[in-house]
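Hi everyone, thanks for coming. I'd like to walk you through one structure today, and I'll keep it short. Have a look at it first.

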Number of protein chains: 2
Amino acid sequence: MEYQEAKDKFISTWGSLGTLWGINKAMAQIQSLLFISTKPLSMEEIMEELKISRGNTSMNLRQLMDWGIVTKELVPGERKEFFTTEKDVQELARHIAKERSRREIKPVIKILKDVSSIKDDGTEKTKELIKQTKALHDLAETADTMMNKIVNQEHNWITKSLLKLIK
Amino acid sequence: MEYQEAKDKFISTWGSLGTLWGINKAMAQIQSLLFISTKPLSMEEIMEELKISRGNTSMNLRQLMDWGIVTKELVPGERKEFFTTEKDVQELARHIAKERSRREIKPVIKILKDVSSIKDDGTEKTKELIKQTKALHDLAETADTMMNKIVNQEHNWITKSLLKLIK
DNA sequence: CTAAACTTTCAATAATTATTGAAAGTTTAT
DNA sequence: ATAAACTTTCAATAATTATTGAAAGTTTAG
């Protein structure tokens, strides 16, 4: 496999995996392109490489910046803006995990808590609703906590030793 | 909040979260409904409760069965089929994690491995592509392994003690 | 065997989501 | 101040994905 083929394969694969971490295709592809680029890219270059419109590029770059994984770079002497992505995978994972947790998981946990806290009227169906949503709440909270702690590397040595034991 | 409101809220919230675990809205809603039901439900009952068509119900129930989280139940004396979902959240999480890994994560890991294994022609851009995709490959593989092991509870005591340390 | 009860399939359609491109907006150089 | 260089916005449109419903298929009771 040659460079160009490998590059295209990477961008399209990582792009289609976007759904998995909750972003759209164009967004994921732009991030992929920046991730393997050896230098900051301009909007022009991104449009050209990915064959997408100016508007699309602009909107998706903005979203990537909102996620905190792409930043503007000022190149001296250049009028236009250049963009780079976080190059460290650990750091990238941290940002993504944090954002997903904040945007999607935390709000759901809140609703599960509310639903599981309704008054028990003694009927079987209410008991079941409370029991099941409570179980889901606990699971979601544990998963969210673990993910964040692991990814934040606040307990790096634990993670490392866990991995040794687990593998 | 009364039973009906709480139930509707749960079904619509959990339904919209479907994207997070990679399934569509109707599928997630059917699963939610079964998850808090005190008895197996027929297709008729599901259609009625969720206001969706027979075809849609049939197709999505099939998919849920493919995922291994819904099963047909035969009720003696009844001609029609009844459905139940896995009621244990741990078991549910196990199935979901396993399926997502198999369907989405494993294939991507494979491609990352291929891409990161291209011949190093000495150019800077090739070196960068190899370096970055290799880092992503290692991260994805570690995350996938951890998730599966944890969710499979093969090392339950480790998970438990980890949680104590981490929380 | 065959009619009723039930389920599945799938082409048509609807709903949702992504993308374009051109006009409006902003910044910088002179 | 103004014109060129560049970016953003957003209504229109395209692409994708989900849903319907009716016909075809299957199973069971008698």
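This is a predicted model: local features need pLDDT of at least 70, side-chain atom pairs count only at pLDDT 80 or more; totals for chains, interfaces and linings use all residues.

I'll go through an annotated domain, then aromatic pairs, then salt bridges.

Let's start with what the record says. The UniProt entry, which is unreviewed, annotates residues 28-80 of chain A as "domain: HTH marR-type". In the model, that span is 57% helix and 11% strand. Its end C-alpha atoms sit 22 Å apart.

Okay, on to the rings. When we talk about two aromatic rings as a pair, we describe them by how far apart the centres are and by the angle between the planes. How many aromatic pairs are there over all chains? The count is two. Take A:F10 and A:W14: the ring centres are 6.2 Å apart and the planes are at 20°, and planes under 30 degrees apart count as stacked, so this pair is stacked.

Where do those two residues sit? Both are in helix α1 of chain A, which runs over residues 3-16, and they are four residues apart, about one turn of the helix. Are they buried or exposed? A:F10 is buried, with a relative accessible area of 1%. A:W14 has 10% relative accessibility, and it counts as buried because the cut-off is under 20%.

Now look over at chain B. B:F10 and B:W14 are stacked, with ring centres 6.2 Å apart and planes at 20°. They lie in helix α1 of chain B, four residues apart, and B:F10 and B:W14 are both buried.

Last topic: salt bridges. The structure has 26 of them over all chains, and I'll just pick out a few. In chain A, the side chains of A:E91 and A:R94 meet at 2.6 Å, N to O. Both belong to helix α5, residues 89-116, three residues apart. A:E91 is partly exposed at 26% relative accessibility, and A:R94 is partly exposed at 23%.

Over in chain B, B:E81 bridges to B:K72, with the closest N and O atoms 3.0 Å apart. B:E81 comes out at 36% relative accessibility, partly exposed, and B:K72 at 46%, also partly exposed.

Then there's B:K110 with B:D114, where the closest N and O atoms are 3.0 Å apart. These two lie in helix α5 of chain B, four residues apart, about one turn of the helix. And back in chain A, salt bridges with shared partners link A:E99, A:R102 and A:R103 into one network.

That's it from me, thanks!

Note on methods
Residues are numbered from 1 along each chain as its sequence is written. Chains are lettered from A and ligands numbered from 1 in the order in which they are written. Side-chain values use heavy atoms; hydrogens and water are left out. UniProt positions are given in the numbering used here, feature names are shortened, and annotations may be inferred rather than shown by experiment. Rings of Phe, Tyr and Trp (its six-membered ring) pair if their centres lie within 6.5 Å; planes under 30 degrees apart count as stacked, over 60 as edge-to-face and the rest as tilted. Buried means under 20% relative accessible area, exposed over 50%, partly exposed in between (1.4 Å probe, protein chains only). A salt bridge is a side-chain nitrogen of Lys or Arg within 4 Å of a carboxyl oxygen of Asp or Glu.
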